[in-house]
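Subject: Structure for your review

Dear colleague,

Please find the structure below, with its sequence. My notes on what was found in it follow.

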Amino acid sequence: LGNLASALSQILSHNFDADIVPCVLTLIKLLNNIISTNPRDDIKGRRVRCINLDNAAFDSKVGRVTGGVDFLLSCGFEPQQQKQLSVVSATASSSKTDCIELREEKESTELLVEARRLLAHKAVTVLGVSGNDVPAFRDPPPRVELTSSVAAAAATSSSRSGGNTTGTTSSKTFDPYKSHSYNAQAAAVGAPNPNSVLPTEDPTAAGGDNYVSRTERELNALKNKQERLERKMQKLGPGGRALAAFLPGSVGAVSTLRDASVGSTSSGADGGGRGDGSLLAARMKRMEEERKKREEGGFTTRAMRDLESMKKAKVYTHATLRIGFADGTWITAKFLPSETVNTVREVLIEECFRADIAPGLDFDLYVAPPRRILDRGKRLDAEGLVPAARVHVSWKVGGAPPSPPAGSGSESRPGSYLREELFGTSAQVGGADYNAAAFPDAKKLVEDTCKSSGKKRGAAEGANGGGGGAAASAESREDALVARMLGKKSGLLGRKGSSASSGDKKSGSGKPKWFK
């Protein structure tokens, strides 16, 4: 305070009143700007705390007044020197004070407020300035006080260098793996930003560490529903595997499992052949559709993509696998979608292969086309084997079943490495009964509201005697529209074409007059 009073008395005693009044009022404005802003504000806070001494307006009002710059230095400002090279000699240099700066560790709000009070008091009592002409005092923003200036300096230098900050305050770091947004409309009207990334006391509010967006909440709700349905629907009791072995050329569950596996791997495939060519064509078509959807769908987050896939997902009671061998023998079995590919291998080794040769067998499981070896650690639904699929066994070198001894009568019999009771199980179950029992039941996570509302509307119209319901009405309306476009004598809603033009009636060809 002694330095402030000394600098202020120097201003009042060494200058004319015409120069003192603009100097004092300018100093009050500068102190008001510093007091009312946060020193950590990179835009306004730092700008008002760094004063360019070469500025013409500042020099005319404060710089050339004796004691003006000294008063700011008494408030905590420090001169900043910059070395400039001489034009004549590259080795010669001179020091020049370009600006004065008030650093955060040197700033004291109490000292600035007292300095502003002294200036305002002298302006009114000594210089005769009206109280209305003195700039009004602006309250300082709320700040977090540091324990010491040394801790503040260490925190500032460490943050600039990219190291760990020390002190009592900590800034919220940006998480690149978490979605952030800035609401410009809320900021324009001064309202709180609902998607703020600033620290907040409530961890569940917007900007908090535990904040969950609407999309993530919907996704979590569907995941919880999926888990509940899986616990309720996916159960395999004793003998629930329904293991059955079939020789080459035998029937059984061929048709149902084959159609199910094709449907699960080639959604949207056209009717016709179900060979390798049709499977490859369907797969290429699906990949092309997915590529176009990704390119034309715009930017989406991972939560949005997962939510869309979850809305289309179904929960199946089990997965039916048809496991084929190189000699044409195949096995059907039931597995839970949550089980892994390694579980399928264990079931084959422990329950399907003969006990005397099972320890020496080694093989891989793959699907085709295209050939893709299944990962043993992945779940069946992650490998796309739900609700039904065809899986092939590939014997490794040295892991194939041994050839039966000569003269045993089983040299050429397929499936000699499987247990005999599995073939008896396939003979006991009928083809149609086994197909009905083998194909899994399914339930959608999200019901189709359009279809359900259409069914209800169609049922209501059928109950009221309205014909075939909404589907029949839509079909008849579409047929009438096509007929009218082709110039036939029927209205849009099935009425006779009374509004048809005379030119159309005279032509008699069923074509409109504008058709060439």
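The model is a predicted one, in which local features need pLDDT of at least 70 and side-chain atom pairs count only at pLDDT 80 or more, while totals for chains, interfaces and linings use all residues. Residues are numbered from 1 along each chain as its sequence is written, and side-chain values use heavy atoms, with hydrogens and water left out.

Helices (H or I, at least four residues) and strands (E, at least two) are DSSP runs, numbered from the N terminus. Because 5 of the 5 residues of β8 are buried, the strand is largely enclosed by the rest of the structure.

β8 pairs with β10 in the antiparallel sense over 4 bridges; two strands pair if DSSP finds at least two bridges between them. The pairing of β8 with β9 is also antiparallel, over 2 bridges, and there V367 stands opposite R372. A hairpin of 4 residues joins β8 to β9.

The sheet as a whole

These strands are part of an open sheet of 6 strands in the order β4-β7-β6-β10-β8-β9, with mixed pairing. Its edge strands are β4 and β9, each of which pairs on one side only. Within the sheet, β6 (residues 319-324) and β7 (residues 330-335) run antiparallel and are joined by 6 bridges. The bridge partner of L321 in β7 is A333.

The helix across the sheet

Helix α13 lies across β6, β7 and β8 and runs at about 125 degrees to β8. Axes are lines fitted to C-alpha atoms, for helices over the stretch in contact (heavy atoms within 4.5 Å), and angles run from 0 to 180 degrees between N-to-C directions. The helix covers residues 341-352, and its 12 residues reach 16 Å from the first C-alpha to the last, close to the 16 Å expected at 1.5 Å a residue; the expected span is 1.5 Å times one less than the number of residues. Its buried residues are V341, T343, V344, R345, V347, L348 and C352.

Backbone points to check by eye

Most residues other than glycine have a negative phi, and most peptide bonds are trans. A cis peptide bond joins P369 and P370, with omega about -15 degrees; P370 lies in the loop between β8 (363-367) and β9 (372-373). Another cis bond joins V386 and P387, with omega about 5 degrees, and P387 lies in the loop between β9 and β10 (388-395). A242 has a positive phi of about 55 degrees although it is not a glycine. A242 is found in the loop between α9 (214-233) and β4 (244-246) and, at 25% relative accessibility, counts as partly exposed.

The chain overall

The protein chain has 18 helices and 11 strands. Buried residues make up 31% of its 516 residues. Among contacts between residues at least 6 apart in sequence, 66% join residues at least 24 apart.

With kind regards

Technical notes: Buried < 20%, exposed > 50% of the residue type's maximum accessible area, 1.4 Å probe, protein only.
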